[in-house]
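Q: Please take me through one part of this protein closely, and then show me what surrounds that part in the rest of the chain.

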Amino acid sequence: MHQMYFFKATSAMRMTRRSRHLTLLKHTNLAGAALAAVVLVGCSPPQTALEVEQPEGWADDLALVEATDINPDPSIVEVELEARITDIEFVEGKPTPVWTYNGSLPGPMIRAKVGDKIIVHFKNSLPDATSIHWHGLRLQNAMDGVPGLTQDPVEPGGEFVYEFDANDAGTFWYHPHINSAAQVGWGLYGSMIVEDPNDPEVFGDELVIQLSDISIDEEGRFLPEDTGGEFGNLFGREGNILLVNGKVRPQLKVRNGKQQRWRVINAARARYYTIRLPDHTFVKLGGDNGLAAQSQEVSRIILTPGERADFVFTPSDEPGTSQFMQWIPTERGFGSVFNRPRENMLEILTVDEAPVIPEPIPVELREIERIDIAGAKEIDLDLTIETHSTARTKEIVMGVNSVPYWRSKPLEAQVGETQIWNVINNTAFAHPFHLHGFFFQVLDDTRVLEWKDTVDVPAESNLRIAVHFDNRPGMWMFHCHILDHADAGMMGHLWVAADEHDHPPEVDLHIH
Ligand code: C2O
Ligand code: CU
């Protein structure tokens, strides 16, 4: 009865709005317009989203630890990170020895503004060598955190100072770049948000969410890093417990109509996320590297490992009810969808307060120029999985153009050059392709134009990306961000020369 009424009111409301504000509609994304109806049908004059606050303690359960800025200069963010093992309980009474930054899972969130300098004093108190890679940032090559290519591994007890500028606004993250499938899987990841002070207020209050999963047994012990053997490598090792900001099914409090801006990072070693909230759509603002050219209404958010999404969530559930944000299986090859149940990830509790009218979200968000590809050199990068069998053994070798990382020769480019990479996937599995240090554009007119550093290449498909090498020479890496695939060889390196006399140096491809 109630439900019927709601739907009637909704469509009537949409009609009125449409006829009255034709021009407004063209320039805004009214995913939340339906909610307004509920309000208007009721009693006292409704408030708008900007007139009210989020419910008290709305995101307490999801709060990330923030890194402490020890530098009084407002344009320098200087923090300390220590990688160390900390006991965290996922199984009652049976703590898991999680690999953390500063003892928290996820590691501390680092927040900066565009143009800030970032200094990170890193100390390794783990039993193994590690490093920190700043995923998605356009920084100087020496700060990229890739042992063997840009620095030595940071040995147990060792230290390293990372120092770079936050050149671009966006949602970024950090993680180790050595034995990374295992180390990321054990908990080493954190977020970095670079704010653009010009972002409109209508995007709503910000919530940073790091999605991940963890593989433990009933005793709280990590499953061995090579669980499942060759098949584990092939499929990628998904954990058995879903984590949202390090927690199992935490709760978020929302108010009907009061918008929130979510910045979501997929920090899982292998798992893709398709996230969905029944009866809701989201207005996507962008992803990896700041705002996209236009906003876009979507029914679900899909994130490969390493990828980010930036979107506005407009709660529209009935006050006083709760339901779950769900993880939905994503088609990424054999066994990824069939017979796999959806899982509840995050409880959305709609507080018992009068709904408010959501703010329209602009459609045009940012001027992005298309990369000029005239005359660009085009190269093929075939992501390959091959089985090498002898009479007694069978070995799966992953690579790029049939060559695993440790036997690869660097691709070559020069500062100022633009290239087109044709990323080919003839395998039965999807691969999230990631390039370090530079943003790229996907050459596909059906997509909203945006800057990317990680993109899905579905099974049996190919995708062309354009990349312009700005003035940051050095040895950069690219790889599949299913970290089990990367460790099995699906990585490569790229020499960006300062000029034509600048030849690739010797690097150590056995450290990875
Ligand atoms: Cu998050 Cu080499 O990557
Ligand atoms: Cu892959």
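A: Strand E15 (residues 282-287) and strand E16 (residues 290-298) pair in the antiparallel sense over five bridges, where strands (E, at least two residues) and helices (H or I, at least four) are DSSP runs numbered from the N terminus, and two strands pair if DSSP finds at least two bridges between them. A hairpin of two residues links E15 to E16, and within this pairing valine 283 stands opposite glutamate 297 in E16.

This is a predicted model, in which local features need pLDDT of at least 70 and side-chain atom pairs count only at pLDDT 80 or more, while totals for chains, interfaces and linings use all residues. Residues are numbered from 1 along each chain as its sequence is written, chains are lettered from A and ligands numbered from 1 in the order in which they are written, and side-chain values use heavy atoms, with hydrogens and water left out.

Glutamine 54 sits in the loop between helix H3 (33-41) and strand E2 (76-91). Glutamine 54 has a relative accessible area of 10% and is therefore buried (buried means under 20%, exposed over 50%, partly exposed in between, with a 1.4 Å probe and protein chains only). Not counting residues up to four places away in sequence, glutamine 54 touches Asp205, Lys258, Gln259 and Gln260, a contact being heavy atoms within 4.5 Å. Lysine 258 is 204 residues from glutamine 54 in sequence, yet their C-alpha atoms are 7.0 Å apart.

The largest nonpolar core has 84 residues, and those with the most contacts inside it are Ile110, Trp134, Trp421, Phe433 and Leu494; such a core is a set of buried Ala, Val, Leu, Ile, Met, Phe, Trp, Tyr and Cys residues joined through side-chain atoms within 4.5 Å. Strand E2 gives the most to this core, with six residues. A second, separate core of 28 residues includes Trp262, Phe282, Ala309 and Ile348.

The copper ion (ligand 2) has His431 (ND1), Cys480 (SG) and His485 (ND1) as its protein donors, lying 2.0 to 2.1 Å from it; donors are N, O and S atoms within 2.8 Å of the metal (3.2 Å for Na, K and Ca), and sites may look incomplete because water is not among the atoms. Histidine 431 lies in strand E26 (residues 431-435) and cysteine 480 in strand E30 (residues 474-480), so the pair ties together parts that are 49 residues apart in sequence. Histidine 431 is buried, at 0% relative accessible area, and cysteine 480 is buried at 1%.
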